[in-house]
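Subject: Structure for you to look at

Hello,

Here is the structure I said I would pass on. Please open it first; my notes follow below.

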Amino acid sequence: MFEKIEFYFKLREKNELNMETNGKKNSFKHFINHISKKYLLINIIFFIILLGCQNMKRNTNWVLIWNDEFENDNIDLSKWEHEINAWGGGNKELQYYTDRLDNSYIEDGCLVIQAIKENYSSTEGTREYTSARLRTKYMGDWLYGRIEVRAKLPYGQGIWPAIWMLPTDEVYGGWAASGEIDIMEYLGHEANIVYGTIHYGGEWANNVYSGINYLLPEGNFSDDFHIFAIEWEEGEIRWYVDGIHYQTQTEWYTYNEDYPAPFDQYFHIILNLAVGGNWPGNPDETTVFPQKLFIDYVNVYEKR
Ligand SMILES: [Ca+2]
């Protein structure tokens, strides 16, 4: 903006010089003065608007109310619960989720969820892969807020990590009548794409979903850490990657209750690394094991 002002003053000086040579100095000088003042005024108005926008930005105050930096030696079980099962998440996933240190642990300030190719047997049978799924249910449940997770993703065919939320008390019925918010999903064979999605409508198979994907401009999500976030307010959910707002959802519904249900109830956070399943397909000979999902932190903010 200041460059613009400088430019018009330079233009004025130059034209003044020119006018001295053709004898029409006074009338032209008056004209240029008029133009310069006009542009100066426009620039001042722009500057005021810009200041106004900055102030509006500052007024949106997200206050940190819950977080885990994963700086201790062990997973904080006052914040996280392991879900132990082999049922495949309803998606024909292949893993046995365990609470063993092989599958989830803290290392260098990160929660690591590790998918291993191994035959593993327990009460629900035998599976060829193990991994972990952790949730904050009844320990960290929120209605609205900004959920922000910094993570480095695994890669390869059949690798399916997710950072997502489920309703704590399914008050509108079973999945997906009470909703699901996927902050980040990703298929390891497309390592530069993440998906943000909501599921809602009726109970299965009357459920529906909506969402879009985000393409990383350069490199893969398995190369380095990235920040995945949603901002969830009444009647609106926004998705962000590295601070870039790539999607807003405002339209959804559930049976038996008016909008903005089902996204007007408490939800908890889930972090997991699935192996195989309907969406990604199963691992093949190209898939390298073990695979690791690194979570540097999980932050929850409240708008004040
Ligand atoms: Ca950390």
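Which residue in strand 12 stands opposite Ile 181? The residue is Ile 198.

Residues are numbered from 1 along each chain as its sequence is written.

Confidence

The average pLDDT (the predictor's confidence in each residue, from 0 to 100) is 88 for the protein, and 81% of the residues score at least 70. Over residues 1–25 the pLDDT is below 50, and this stretch has 19 contacts in the model beyond near neighbours in sequence. A contact here means that the C-beta atoms of two residues, placed from the backbone, lie within 7 Å. Where pLDDT is low, the predicted coordinates should not be read in detail.

Overall make-up

The protein has 2 helices and 18 strands. These are DSSP runs numbered from the N terminus, with helices being H or I of at least four residues and strands being E of at least two. Of the contacts between residues at least 6 apart in sequence, 72% join residues at least 24 apart. Of the 304 residues, 33% are buried. A residue is buried if 20 or more other C-beta atoms lie within 10 Å of its own, exposed if 12 or fewer, and partly exposed in between, with C-beta atoms placed from the backbone.

Leaving out residues up to four places away in sequence, Ile 163 touches Val 149, Ala 151, Ile 183, Met 184, Phe 228 and Leu 271.

Met 165 lies in strand 10, residues 159–167. Met 165 counts as buried because 24 other C-beta atoms lie within 10 Å. With the residues up to four places away again not counted, Met 165 touches Ile 181, Ile 183, Phe 267, His 268, Ile 269 and Ile 270.

Strands 11 to 13

Strand 11 (residues 180–185) pairs with strand 12 (residues 193–201) in the antiparallel sense over 4 bridges; strands pair if DSSP finds at least two bridges between them. Strand 12 also pairs with strand 13 (residues 207–215), in the antiparallel sense and over 9 bridges. A hairpin of 5 residues joins strand 12 to strand 13. Ala 205 lies in this loop, and a cis peptide bond with omega of about 5° joins Trp 204 and Ala 205.

Backbone points to check

Most residues other than glycine have a negative phi, and most peptide bonds are trans. The peptide bond from Ala 261 to Pro 262 is cis, with omega near 5°. Pro 262 lies in the loop between strand 16 (244–249) and strand 17 (267–275). Asn 256 is also in the loop between strand 16 and strand 17, and has a positive phi near 75°. Asn 256 counts as exposed because it has 11 C-beta neighbours inside 10 Å. Asp 242, in the loop between strand 15 (236–241) and strand 16, has a positive phi near 50°. Asp 242 is partly exposed, with 14 other C-beta atoms within 10 Å.

Regards

Methods: This is a predicted model: local features need pLDDT of at least 70, side-chain atom pairs count only at pLDDT 80 or more; totals for chains, interfaces and linings use all residues.
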